[in-house]
Amino acid sequence: MAAVLESLLREEVSVAAVVRWIARSTQGSEDNAGEAAALSSLRALRKEFVPFLLNFLREQSSRVLPQGPPTPAKTPGASAALPGRPGGPPRGSRGARSQLFPPTEAQSTAAEAPLARRGGRRRGPGPARERGGRGLEEGVSGESLPGAGGRRLRGSGSPSRPSLTLSDPPNLSNLEEFPPVGSVPPGPTGTKPSRRINPTPVSEERSLSKPKTCFTSPPISCVPSSQPSALDTSPWGLGLPPGCRSLQEEREMLRKERSKQLQQSPTPTCPTPELGSPLPSRTGSLTDEPADPARVSSRQRLELVALVYSSCIAENLVPNLFLELFFVFQLLTARRMVTAKDSDPELSPAVLDSLESPLFQSIHDCVFFAVQVLECHFQVLSNLDKGTLKLLAENERLLCFSPALQGRLRAAYEGSVAKVSLVMPPSTQAVSFQPETDNRANFSSDRAFHTFKKQRDVFYEVLREWEDHHEEPGWDFEKGLGSRIRAMMGQLSAACSHSHFVRLFQKQLLQMCQSPGGAGGTVLGEAPDVLSMLGADKLGRLWRLQERLMAPQSSGGPCPPPTFPGCQGFFRDFILSASSFQFNQHLMDSLSLKIQELNGLALPQHEPNDEDGESDVDWQGERKQFAVVLLSLRLLAKFLGFVAFLPYRGPEPPPTGELQDSILALRSQVPPVLDVRTLLQRGLQARRAVLTVPWLVEFLSFADHVVPLLEYYRDIFTLLLRLHRSLVLSQESEGKMCFLNKLLLLAVLGWLFQIPTVPEDLFFLEEGPSYAFEVDTVAPEHGLDNAPVVDQQLLYTCCPYIGELRKLLASWVSGSSGRSGGFMRKITPTTTTSLGAQPSQTSQGLQAQLAQAFFHNQPPSLRRTVEFVAERIGSNCVKHIKATLVADLVRQAESLLQEQLVTQGEEGGDPAQLLEILCSQLCPHGAQALALGREFCQRKSPGAVRALLPEETPAAVLSSAENIAVGLATEKACAWLSANITALIRREVKAAVSRTLRAQGPEPAARGERRGCSRACEHHAPLPSHLISEIKDVLSLAVGPRDPDEGVSPEHLEQLLGQLGQTLRCRQFLCPPAEQHLAKCSVELASLLVADQIPILGPPAQYRLERGQARRLLHMLLSLWKEDFQGPVPLQLLLSPRNVGLLADTRPREWDLLLFLLRELVEKGLMGRMEIEACLGSLHQAQWPGDFAEELATLSNLFLAEPHLPEPQLRACELVQPNRGTVLAQS
Amino acid sequence: MILTKAQYDEIAQCLVSVPPTRQSLRKLKQRFPSQSQATLLSIFSQEYQKHIKRTHAKHHTSEAIESYYQRYLNGVVKNGAAPVLLDLANEVDYAPSLMARLILERFLQEHEETPPSKSIINSMLRDPSQIPDGVLANQVYQCIVNDCCYGPLVDCIKHAIGHEHEVLLRDLLLEKNLSFLDQLRAKGYDKTPDFILQVPVAVEGHIIHWIESKASFGDECSHHAYLHDQFWSYWNRFGPGLVIYWYGFIQELDCNRERGILLKACFPTNIVTLCHSIA
């Protein structure tokens, strides 16, 4: 490895040749013979070069960045893997490499801690490390060349060196066994690159399942002395290999040597790893060293290395583009160099062109190198957000070292469209009730329907409670809500209830978490609060403030672990607490379905010839649509991954050896929850990687350790790696992927490659594709990848960790005043249902092809419009049929039913049978639906298309568009109608039948039509409730007990009955139960009147109602019963034993009023004579006091003796002799 | 009619152990002349119901029932016309209608072979003429007409009041030209407010999607029950909305405005619609 670098530095080979050599397995023809020869001998090392280079750079920079912000590292182990050790690089047993970098001060310690090396870079039993260790012990442990070699090299210059490496094959082969940087101790301040840089091949101990659970562990930001302990005690349970400790000792000594300096540094006091909070504290006591271009040592060497490094980045030979940029930014903003020179006095500046001398001898070197690299990646930089650009452009070092780059950056900053904001106003609303899907008809039983109803409410109750409490310290999701959630899940018995609930869950998830705002933390209730407090105009400012407050925590370094920020946490915890197998299964089904649906969504494709101004407007909308789809997909895939791999993940280290084999055998039998491999392959073929890959990455980020070992997923990783390699940013040309699309893919893939469950050697081991990405050749000419669908906002939304670059720069500038204001662009969160429809599946055949061809050369908006119109008109058509044809049939059914009921009598017959009869008569009419539907679509679609398309649309295009819209709408409507019309009619008729039968009821209340109040009525009548209450008071007074001074006046009674009449005539407020009770109360009142039981207020003597008054009141009642009550009046109660019995208590008994009432009832046709006779007859059966029974018998006889008067005219005649009954009774 | 918690507590304090009779109501009106009669009745009724809920169980032990029944029998033997059952209910601090039901059940158990079904009991309470024993029928009837918090008549009055206010609200909405959906249950909705506005409006700065009419006083207990059973359910389905407690409510309960439940004691006067504002 080093040999290659050496050759480079000696200009034996060109940078281009080296990069070609690394990137391709075969040598390009353009390489000259000498280069080829030099490099071919190193072929075996090819794969190791990049990791070597990366480690080398980290190692070299370690002295520069001791106080610097943490360099990304995924794990403590990863950090351990990194060089960054102050004194210098490995030596001792790591002979070959230490030859190259012989730091003097280390030599002494090397002997003291020989074991240190072996674990130096290991995080644990990781394979790579093991390998390193073994190599150490078996292979080169005896070698003691390092020091000498180093010295010699230094003394003699480079030429002698290659002989060592090149002419000594054993060494080389040994080298191969060594993890190139394996022995490098942990960097002092966490300035180490990803641990992934370990290309060594597999050894027998290799297990990919090392405990990489430390995923969340942040970069270490402590000085070496504190580091190991921090690691040992880290909550991720990662012990450092013993080697580290010895190294630690070693470093301890070093530290002592320069204790003064280090003591100044506050960092030793912070043993806990710190995430993404770059050092305000660190800056405190340290003054920044100014960087001066004039003081750069060995320019040429730095330029060369920078060039190689840049080329590797540009060729995507590094796993994570942004990680490297972060590293470069760190170099750019390095504050001061740890002076190691005093402990390294032998190091002479003479050997500047060899690798033996430190690459970075001063801050000046670092900055120079960084600027060199940045110059090569201006294109990437120019696509960073405005804030980052501003900070970069204002960086004085950059200005100093490369005014040209600074100028370009400034220009880029000024041209940058908008500031990217990661915080968006949250949008939390409940999933609205959708009658189409949520109504009873979609449930198997009433019970299931009601269970779901309850569930919905419990779900939101839990959600509200979570919002209220989840930020309170000490509140625990499981403790607070777990049992309630499980109880709720327990009620979901039927499979269909599960699917309903999952639908709700998923919709709510999308609504709340789709936007980064939803992920940000503010949720229900909070936003409106803010609104009312500040008013809308201050809201923007508040959000900016909030963003500023939240931003530092929003992502953990440049490679944060997958997390569930904000509201997503609720859904994760819900799934965990529910711990319901059924729920998880349904959720996976539903998520998979939705992912497939969204992934297959026909997003408008870019038309390169679409040059008119309109296209810009269109693109705005299309980008937005794409963003919504992509963000939804990522969210869904994240949860799918979470749930799917949940059973396989655990805190314990993954198994190794035989156990692992058996697990592999077992797992390879399990079909994937979603066929992501096929989706990926298809996505690549269809050039939709920009849509498919980001969500796939989210999905895979939750994979467990075994997953990458499975063949199925191996394939996926292979595809992804090839894709990664193919995304060379500098290759921009027609037909290639858009720049930002590539950048997005590089960012997400780079992130994925840093995830602990992804084997670390995967990236470097994977044999790169021979050349370009092969699917490119078969790809369609234009795919989503070629369309500028990704914008900066989306890039930052998907990869918030890119924002770490800005934070790093901002921390360099004292204070963060460098932030400019500006308005946030917002992605309006919309529900996924509004995303437009997929083209109908059934549209096939030549016509469909023609239609496709037609759209091909039209602006994408045209296609969208037509599809939209077709979708809406088709849907409306179904509704129209429902409202016209089906409604007519239902009306027919009702009248048929009435006839049926009349002919069959009260019984009606079996409802099910009735329904069958009706349906058999009516369903055939459903056939008309298709014709009617066709007619409807024909009529409605063209107008809609015309209204929506630009006016200057050519006539031919317009008419084609109209015709296609008609066709599609008809197709859609008819497909639905032909499949469902019969069922629909049946359902509606059934509902009508049960409605009619219910209305029929036990008491056929339909005494003709119910009358409403007259048109002139102003509804001023007393309210029924008031009247019931008043009458009740009278009844209670009459029944007693009552105070002596209580009673009613006759006027009050009369008034009450008058009001009752008004109320009954104005039916505005009257409901049937109230009327029933009023009727009953009025009958009770009549009985009390007849029995003279109503206590009358008045002069003390007069406690009884006058006969005339009583009779007048009874007349009023009779008239109310006859004229005003529309419901049945229980008049037979007048002759109930209880009411007649009231008479028994009065002395002397007065029968005349009863007789009068009975006669009037018959007269007015309110009761039949026979009916009264029957009632009187049954009265005799009751037990009465003797005399009362006699009188009752007399009354009966009297009533019966009266002439039977069937004719109404005669009854009218009788009205003039109202007193006959009274006379008789008194006689 | 929006009362502070303190005002409400003062009224509730006066209602402790007051029998649910018209006399009690009359006294209450005299004590709080400034409050509307309907509000007082609603508060009274709710407080009394709370009281009954708390003490319900102790009247339903078999010992209690037996002792009540014996006292009833002894009483009517002495004087069947005296308000035996009503006095008994007042004496043991139980609702007369509920006492009537208790005794009726006990009576039927004794006189019928099969235990009476609930619907038979209900039917007899609605129409005491069906009660086979004349004396008991009168006693039951007396209890029912004298009970202003329980019983079929009171239930009917409450139902009617609720219905009337819904009609009132509907008229007001029509008058303001606000189109709404009602009768939603028939359309397949599971939980439905009285009115869903087809186009949301704003009241006092809050968006309103639905309106629920409550012809009662909103006290803590009932409001929380409504929130749990109805209002949040509406929010869950239709978004924020307005609840009108026609007989007032405790001011402090109107604390969920920001979360989407707005309380009013009358139809709001300032409604902002999408296009124009109605003064």
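How many residues does helix α37 of chain A have, and what distance does it reach from its first C-alpha to its last? Before I answer, a word on conventions. This is a predicted model, in which local features need pLDDT of at least 70, side-chain atom pairs count only at pLDDT 80 or more, and totals for chains, interfaces and linings use all residues. Residues are numbered from 1 along each chain as its sequence is written, chains are lettered from A and ligands numbered from 1 in the order in which they are written, and side-chain values use heavy atoms, with hydrogens and water left out.

To the helix, then. Helices (H or I, at least four residues) and strands (E, at least two) are DSSP runs, numbered from the N terminus. Helix α37(A), residues 711-726, has 16 residues and reaches 22 Å, close to the 22 Å expected at 1.5 Å a residue; the expected span is 1.5 Å times one less than the number of residues. Its buried residues include Tyr712(A), Phe717(A), His724(A) and Arg725(A). Here buried means under 20% relative accessible area, exposed over 50%, and partly exposed in between (1.4 Å probe, protein chains only).

I turn to the interface. Chain A contributes 52 residues to the contact and chain B 46, where contact means heavy atoms within 4.5 Å. Together the two chains bury about 4200 Å², 56% of it on carbon and sulfur atoms; this is the accessible area (1.4 Å probe) that two parts lose on being put together, summed over both.

Between the chains the count is 7 salt bridges, each a side-chain nitrogen of Lys or Arg within 4 Å of a carboxyl oxygen of Asp or Glu. A salt bridge joins the side chains of Arg26(B) and Asp1043(A), at 3.5 Å from N to O. On the side of chain A that touches chain B, several helices each supply at least two residues, among them α25 (446-469) and α50 (1072-1090). The largest share, 10 residues, comes from α48(A).

As for chain B itself, there are 10 helices and 7 strands, and of its 279 residues 56% count as buried.

Finally, two backbone details. Ser579(A) has a positive phi, near 30 degrees, and lies in the loop between α31 (567-578) and α32 (581-599) of chain A. Is Ser579(A) buried or exposed? At 53% relative accessibility, Ser579(A) is exposed. Asp1092(A) also has a positive phi, near 55 degrees, in the loop between α50 and α51 (1107-1124) of chain A. With a relative accessible area of 14%, Asp1092(A) is buried.
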